[in-house]
Amino acid sequence: MLSNPVVISIVVLLALSLLRVNVVIALVISALTAGLCGDLGLSKTIEAFTGGLGGGAEVAMNYAMLGAFAIAISKSGITDLLAYKIITRMNKTPTGKNLAWFKYMLLGILLLFAISSQNLLPVHIAFIPIVVPPLLSIFNRLKIDRRAVACIITFGLTATYMILPVGFGKIFIESILVKNINLAGAPLGLQTSVGEVSFAMLIPVIGMILGLLTAVFVTYRKPREYVVTTAEPTTTEIEQHIANIKPIQITASAVAIVATFATQLFTSSTIIGLVGLVIFGAFGIFKLKESNDIFQQGLRLMAMIGFVMIAASGFANVINTTSGVKELVDALSTGAIQSKGVAAFLMLLVGLLITMGIGSSFSTVPIITSIYVPLCLSFGFSPLATVAIVGVAAALGDAGSPASDSTLGPTSGLNMDGKHDHIWDSVVPTFIHYNIPLLAFGWIAAMTL
């Protein structure tokens, strides 16, 4: 396993990321490592990498649109109004006890936003560049550790689709997990349902809940000071700015947000969310000649995430081309493993490595299901245990991958002022608090169900 090109490339990717090497550069170097270790040769590795870049182009375009939309919303003044309401609420409740309650209420609202973005109003990370940046000055005043905020948002982006068959959860559970398990299990007499998958994933999600509580109330509970390089507006300055906001601006924002989210739901693409920008222009929030500046600012806001997703798509294509993933999965079915406990742990560990590299649990399921289902049954795992192993193995690594939008999304909002490091403040905290509990509680589910 240690000589597998996928394992080597993931180790290189994580090592470079932890050394604060730019994620895009780390992905390129890791892709070259995977190709060369997988005997593709330099030319074929580069060909595979560049051939896979197109797979991330749509995602990058989506992020550019989200960035432009976030800038347009900020120009409408609605984000300033939100910040003003929160700041005045803070000034009226200066006692330590009330501020503590206010802090956790604010974190709870962010958690509800994140959960809703997956299941109730499935817009995924589209809400982050709109909701989070206006709150950064509030976080600073409350001395909230942004690593806790990253863990909260990532929990909502990942845990709920694993257990609730609504929105993105419906896609993951019904259209991907159940479909692929039933396809692989049909010749072996194994069939599962949406209800069984939700039940089987309950124990692993409990592990994530414990990780969330640990992050918020233990690990990142203490106040954290952030050095502010630019003076934050005072309450008086904000009041003066708010006084210039007209009702039509608030109306335009409400209409644009609803129209953009509704369009995304119907088209499954934020590119069509251009309608929101058109609405802002029609209401006069910005002039048509300013549209170029809006897009440029939006690109600066989200360009890094777009490039990471493009590079991640090329990296995923390289590791799939090397056949290292298949070799990694096939290694589990050699017969050398006799213990159910060891087999369950290794299957979950391989799932972690694969998902960390690909960066998407949705893309991992079809890769591992055809091998994992017969392998689980051969070891004597029950149908529910089999579902738990496959589901957790696919979801593992989604939260802690440098190239996953479950970590890139929170970073995009929390790093607006350059005070939140993607690897050390998003990836490492979510890996520790979610992937480790998922590994442990996924193993418990496999052995008890």
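Trainee: Contact means heavy atoms within 4.5 Å. Which residues does T45 touch, not counting residues up to four places away in sequence?

Mentor: T45 touches A31, L32, G35, L36, L40 and V318. Before we go on, note that this is a predicted model: local features need pLDDT of at least 70, side-chain atom pairs count only at pLDDT 80 or more, and totals for chains, interfaces and linings use all residues. Residues are numbered from 1 along each chain as its sequence is written, and side-chain values use heavy atoms, with hydrogens and water left out.

Trainee: Got it. Where is T45 found?

Mentor: In helix 3, residues 41–52. Helices are DSSP runs of H or I with at least four residues, strands are DSSP runs of E with at least two, and both are numbered from the N terminus.

Trainee: Is T45 buried or exposed?

Mentor: T45 is buried, because its relative accessible area is 0%. Buried means under 20% relative accessible area, exposed means over 50%, and partly exposed is in between, with a 1.4 Å probe and protein chains only.

Trainee: Let's zoom out. How many helices and strands does the protein have?

Mentor: The protein has 22 helices and 0 strands. It has 449 residues, and 54% of them count as buried.

Trainee: What does the side chain of T154 reach?

Mentor: The backbone oxygen of S406, at 2.9 Å. A polar contact is a pair of N or O atoms within 3.5 Å; within protein, one must be able to donate a hydrogen and the other to accept it, and residues adjacent in sequence count only if both atoms are side-chain atoms.

Trainee: Why does T154 count as buried?

Mentor: Because its relative accessible area is 1%.

Trainee: New topic. How many disulfides are there?

Mentor: A search of the whole structure finds 0. A disulfide is a pair of cysteine sulfur atoms within 2.5 Å. C151 is buried, at 0% relative accessible area. C376 is buried too, also at 0%.

Trainee: What about the surface?

Mentor: The protein exposes about 18,700 Å², and carbon and sulfur atoms supply 67% of it. Accessible areas come from the Shrake-Rupley method with a 1.4 Å probe; for residues, only the protein chains shown count as cover.

Trainee: Which residues make the nonpolar surface patch?

Mentor: F199, L202, I206, I209, L210, L213, F217 and V218 make a patch of about 700 Å². Its largest share, 7 residues, comes from helix 12, residues 202–219. L213 is in helix 12, and L213 counts as partly exposed because its relative accessibility is 41%.

Trainee: What gets a residue into a patch?

Mentor: Over 30% relative accessible area and no salt bridge; like charges are joined within 9 Å, nonpolar side chains (Val, Leu, Ile, Met, Phe, Trp, Tyr) within 5 Å. A salt bridge is a side-chain nitrogen of Lys or Arg within 4 Å of a carboxyl oxygen of Asp or Glu.

Trainee: Last one. Where is D39 found?

Mentor: In the loop between helix 2 (23–37) and helix 3. Phi of D39 is near 65°, a positive value in a residue other than glycine. D39 is exposed, because its relative accessible area is 71%.
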